[in-house]
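Dear colleague,

Please find the structure below, followed by a short account of what was found in it. I would be grateful if you would read the two side by side.

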Amino acid sequence: MSVHYAFLVLKEHPYGREMLRQLLVAGYAPAILIEENSPVADEERQKFLDRIAGQPIPPTFTEMLAGWDIRRVEVPHHNREDCEALLKEVRPHLIVLGGTRIIRPNIIATARDGVLNSHPGLLPQVRGSASVAWSIYYDIPVGCTCHFIDPGIDTGDIVSQRTIPVHRGDTYEKLVRATLTLAGELMVEALQQYQAGTLTRTPQPAEGNTYRVMPPEMLAQVRAKLAEGTYRHLVD
């Protein structure tokens, strides 16, 4: 039995491109791919491409979906009525997020069994934006968390999480790219467990920290910590 899910993503976002690549390789094709085509999508896509500058870039959705019979639709905003109508038509068991704005309750409610996200940070310690940068800045392990979405920001039940080993000489861009790979792996595992009926969810504690985009002067300190080998969680 296949998993009947909808894939939501900002237009050609590299995070979602890597995730969908892995899902397709594992045999999990979405019932529908809904891309938000908006100024926010353009800004967030470029921001993430800058964060992985010099690293391998996942194929585009256009390249990846050649030969696949997958419905692909653009909307101007994921939280508005046209997207909600599409989801009510498709009636997905799950919604999978591949890099989106904050998803509102009207969209969450369209999925029978919930909305899954892979966050590029360990929850609840690092919620919000620029998780790799904030993890290094505050000497928190770098990693990813697969979790269900609720109306809060990265506060939903945790499915799984895993750390990324940080080696001496690793760059910020390399570590951000590693989160793309790990996020996809965790999502594939989540769909495998969902299909097998073994998917578990663990509520998060209320405490935790939520971060916004890191200012350039603080990001420079993050790069310096990696270059100087002073990040506390180096594995060698």
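Predicted model: local features only at pLDDT ≥ 70, side-chain atom pairs only at ≥ 80, totals over all residues.

Strand β5 (residues 115-119) has a partner in β4, which runs parallel and is joined to β5 by 2 bridges. In this pairing, I95 stands opposite V115. Strand β7 (residues 143-148) runs antiparallel to β5, and 4 bridges join them. Here N117 stands opposite H147.

**Helix α4**

The buried residues of α4 are C83, E84, L86, L87 and V90. They lie on the same side of the helix because they cover an arc of only 160 degrees around its axis. An α-helix has 3.6 residues a turn, so residues three or four places apart point the same way. On the other side of α4, E81, K88 and E89 are exposed. The buried residues of α4 pack against β1 (5-10), β2 (32-36), β3, β4 (94-97) and α5 (105-108). Just after the helix, R91 takes a positive phi of about 55 degrees.

N79 is found in the loop between β3 (71-75) and α4 (81-90). Is N79 buried or exposed? N79 counts as buried because its relative accessibility is 11%, and the cut-off for buried is under 20%. A polar atom of the N79 side chain lies 2.9 Å from the backbone nitrogen of R104. Beyond its neighbours within four places in sequence, N79 is in contact with R101, I102, I103, R104, N106 and I107.

Yours sincerely

Notes. Residues numbered from 1 in each chain as written. Heavy atoms only, no water. Buried < 20%, exposed > 50% of the residue type's maximum accessible area, 1.4 Å probe, protein only. Polar contact = N/O pair within 3.5 Å; in protein donor to acceptor, adjacent residues only side chain to side chain. Contact = heavy atoms within 4.5 Å. Arc of directions from axis to C-beta. Pairing = 2+ DSSP bridges.
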